[in-house]
Amino acid sequence: MNSQTYHKSMALTGEPPKSLSISQKLAVFLGLSGLGILLLAVFNVNFPNRTLWLTLSLLAITVGIVWFSWDAYSKKIPGIKNDGVWFKSISSRGLWGWVAGLSLTGFYIVLYFYPEYLGLVNDGDNKGVIGLFDPLSKFLSGNPASQWFVYGTLYTVAILAFGIKFLWKYRHNRYERLRTWSVMFFQTAFAFIIPELMARLNGDKILDGGSLPYYDLKNIWPLNYYNFEGYRIKAFLSSGEIGFALLIFGILSIFVITPILTYKYGKRWYCSWVCGCGGLAETAGDSFRQLSDKSTFAWKVERWVVHSVVVFVTLMTTAVIYSYLGTDTSKYWLTKSSFLIGVAVLLTLVFGWAMIFKRNQLQKDAQYGAIGYFVIIIALIGFHFFSGDGQIFLFKSETLRKSYSFLIGSIFSGVIGTGFYPIFGSRVWCRFGCPMAAILGFQQKLFSRFRITTNGGQCISCGNCSVYCEMGIDVRAYAQKGENIVRSSCVGCGICSAVCPRGVLKLENGPLEGRIDSNQVLLGNDVDLMTLVNKK
Amino acid sequence: MEHIVIIGNGIAGVTAARHIRKLSDKKITIVSAESEYFFSRTALMYVYMGHMRFEHTQPYENHFWKKNRIDLVQAYVTKVNTQEKLLHLDGAPDLDYDKLIIATGSKPNKFGWPGQDLDGVQGLYSKQDLELLEDNAPNNKVCKRAVIIGGGLIGIELAEMLRTRDIPVTFLVRENSFWNSVLPSGESEMINEHIHEHHIDLRLGASLKQINPDENGRVKSVTLAETGEEIECDLVGLTTGVTPNIDFLKDSDIELGRGVKVNRFLETNVEHVYAIGDCAEQHEAIGNRRPIEAVWYTGRMMGETLAQTICGNRMEYNPGHWFNSAKFLDIEYQTYGWVFPERKKKENEAHFHWRHSKEKLCITIAFDKDSETVLGINTFGIRLRHEVFDRWLSEKRTIDYVMEHLRDANFDPEFYKSFEPQIVSKYNSNFGKSINPKKKNLKRIFQLN
């Protein structure tokens, strides 16, 4: 019944608006040949001049993407460019979508679990595609490349090239442009170049001869779930004042800087302006944002899964830190017991604050979930006094750490989170898996000036906002009632506001008063009726 | 239990149903022949353009209706028997009701042109029209040229849709400038330019004489009334407005004009029968409004009002300040209050118009010559905050005040360039004033103390 309206056009081949121009086809060919060079390297084709071939490959990929975008957008009048999105196979879960999804997934599996297939050699010279990247890595950090260097380089290239595409696509929208420049900058500088240069300091006097761990400064715990692991703490503490300062910065990031910025601007300051995962989703993932699931069922799954990950990462990190702390207060002020008590006090304060002051803003299942998880964590912390050393929370801390790293750090954030862009949309990880997003979202919902304001009665329920919400928020459900949108998952990408044909939505930071329980303002009727309608 | 039957599952009928459910436990049935579930008519264009799929136009998930105990019947109402309180349906058994709400919307106008019923000639209103368009104009091989008759909101939307599939479009507009029966000339001219920018063959002052068939009874060409020019085409889009969709009521006892005649309580002449939305016609127009308001928002407002009446709180339809919005290709348009075009302007209505020197942005503010009270505003390419402008209209603010506080009313996304200084400086030079625009103030905007 419903299908007729679109299936017919799906049957068309090579017709506008789904067809590619000649330039676009050539651009795709160029980009794919860049990838082809990398693929040949994977199969150990020996390139005589690695620097040259790597440069050629990365240039071909970049130029291919930029050329394609230039042809697609630059000649058109600025405005919303979503023509044919649901007709194109790549962006509507068609054949090309699945091919892309499976290839990406395969790439992540090899990257995380079989780096030797990419040519990683632990003692001796790298081979394959990792070997191809050796010259660049040595140029930056002085060390040979690893699979993570290869990944980091391609990741940065993707954000930069697709960032340029996004800048063209939304060139009429200054919010989108600034945001995109920001993610491009933070990826290139903070995630890619600075850590490599920091590695050059290792062994230097300035670090008292110590070695800093690889540290992307914008990567904050718990997204950076390993930041407080023993080997990193040792490395920080043995690297002079700089190392110590970095450790303090890591702690301040989550406990001080993040809450202040989230209060003022919402979690968007991080998720769609700074974060690397967000950066990739907003640029390379932009073509897939419409694929996120908007059902209330998906929302329910999201709430349970993402908050469970927060609990998991909290337990895991507590266990890991606990495992390397001592018991003797005379040696070091922080001991196993005082640390656990500190964690318990902090969690109790947060839980108490939310349940006492903000309970009416939490859904029933959120309240049950919070109580349940709180009881479990506190009980487990209590267990400590009854269980042996290194055996906190029923499991060994190492077991917890390994399972988190495997299940969440690799499978969820990489294989599913990015590999499945063309199937589930670009923000699967951010929405269902990222504990950082969940913590920022918790604060955004309960204690932040950020909201998306709905413009009185102007909504026509068209649904563009919901379709193009990468986080799967049914924006229209709020907008058509004249309610503001205050959702913990909103990353503030601003696309709902951009695609709205009637100027209904505005992301803004405003007073807390009247932010959440916004009245159904002005749907157009006279005031007396609206008072009646608003009576709950 | 009282049984409320609503004919039509558009925004008016569905809003009424939702609010009746909020307020009561009555049995509610919605009858529609057009579609199984409520969808947003305004979004049909995006389905053809590939921005959305049809199911995305449905604002509620399919389980919503059962959960809220709103029964859906997909059938066509052939006859309304108000004596026995009975509906005859084509496609379902007869249905009896205690209270009946008619919310059947509109159908495209046809003015008796020769050839108006040929294959390949269509309007754009319903889901069926969209499906027909996929047949008539799937691509630019089947449809080598389209001619659109009628320069209104649907006409320009249809032109935009066809252009996304690279179909050449000739756009016949009877007036000498696009939509100048509603827009003042400066704005209308800017839209003319924008239509040309999109490579649409805009013919102003051009109307249709007849549509010519080929040997198979399909459209072959149109002939223009003014010049006699014949334009070959494979699709003719008739977008010369809409008219209430009430033919099925002709034999009933319900009083009809152009639409279903209703009083301010949205009651018809027959007890327990009401009409809302596009198909309702007020006995007397409310303020500057038309007796028939075929607008999304008014349908929704009537639905809200009638739900109160049905649930025992009899209430007049009492709309607040007029507002509306649209999008002309890439240019968003919003209006609050009343801004009339030159030929409909009242004696005391003066205009201030500003247009950006390069970009397609402009505003027009209408105000009273004597009191300088603001009557309304049109903006193109600049978003305004409904709540703030509505408040200014209620408070009867002067144009000086509006100029001074214009930044408070801006609703553009963050970091957008602000044009208030240019606008106010033009206002100052036009009217010999020296207004200084104030900074945006959250306390004023959100009415905090």
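In this predicted model, B:Val121 stands opposite B:Val236 of strand E16 in chain B. B:Val121 belongs to strand E9 (residues 121-122) of chain B, which runs parallel to E16(B) and is joined to it by two bridges. Strand E10 (residues 146-149) of chain B also pairs with E16(B). This pairing is parallel too, and it extends over four bridges. Here B:Ile149 is the residue opposite B:Leu238 of E16(B).

Strand E16 (residues 235-238) of chain B is covered on both faces. B:Leu235 and B:Gly237 are buried on one side. B:Val236 and B:Leu238 are buried on the other.

Strand E14 (residues 219-224) of chain B is joined to E15(B) by three bridges, in the antiparallel sense. Within this pair, B:Val222 has B:Ile231 of E15(B) as its bridge partner. In general, the strands of a sheet pair through backbone hydrogen bonds, in either the parallel or the antiparallel sense.

Chain B as a whole contains 12 helices and 25 strands. Its C-alpha trace spans about 70 × 65 × 40 Å along the principal axes. Buried residues account for 49% of the chain. Contacts between residues at least 6 apart in sequence were also examined in chain B; 61% of them join residues at least 24 apart.

Three domains are assigned in chain B. Domain 1 comprises 3-107 + 243-310, domain 2 covers 121-240 and domain 3 covers 324-445. The C-alpha centres of domains 2 and 3 of chain B are 32 Å apart. Each of these two domains gives 15 residues to their contact. On the domain 2 side, helix H5 (153-164) and helix H6 (185-197) of chain B are the elements that supply two or more residues. H6(B) provides the largest share, six residues. By class, this side has seven nonpolar, six polar and two charged residues.

Chain A has 22 helices and two strands. Its radius of gyration is 25 Å, close to the 24 Å given by the globule rule for 536 residues, so chain A is as compact as a globular protein of that length. The C-alpha trace of chain A spans about 70 × 70 × 40 Å along its principal axes. Of its residues, 45% count as buried. Among contacts in chain A between residues at least 6 apart in sequence, 72% link residues at least 24 apart.

Chain A is likewise assigned three domains: domain 1 (9-172 + 184-197), domain 2 (201-448) and domain 3 (450-534). The centres of domains 2 and 3 of chain A, taken over C-alpha atoms, are separated by 30 Å. Domain 2 of chain A contributes 29 residues to the contact and domain 3 of chain A contributes 18 residues. Several helices give two or more residues to the domain 2 side, among them helix H9 (240-265), helix H12 (296-324) and helix H18 (435-446) of chain A. H18(A) gives the most, with four residues. The domain 2 side divides into seven nonpolar, 11 polar and 11 charged residues.

The two chains also touch each other. Chain B brings 58 residues to this contact and chain A brings 59 residues. On the chain B side, the elements that each supply at least two residues include helix H4 (127-136), helix H7 (296-310), strand E21 (323-328) and strand E22 (331-337). H7(B) has the largest share, seven residues. The side of chain B that touches chain A consists of 22 nonpolar, 15 polar and 21 charged residues.

Technical notes
Residues are numbered from 1 along each chain as its sequence is written. Chains are lettered from A and ligands numbered from 1 in the order in which they are written. This is a predicted model: local features need pLDDT of at least 70, side-chain atom pairs count only at pLDDT 80 or more; totals for chains, interfaces and linings use all residues. Two residues are in contact if their C-beta atoms, placed from the backbone, lie within 7 Å. Ala, Val, Leu, Ile, Met, Phe, Trp, Tyr, Cys and Pro count as nonpolar, Asp, Glu, Lys and Arg as charged, and the others, Gly among them, as polar. Two strands pair if DSSP finds at least two bridges between them. The radius of gyration is taken over C-alpha atoms; the globule rule is 2.2 Å times the number of residues to the power 0.38. A residue is buried if 20 or more other C-beta atoms lie within 10 Å of its own, exposed if 12 or fewer, and partly exposed in between; C-beta atoms are placed from the backbone. Domain bounds come from an automatic or database domain assignment.
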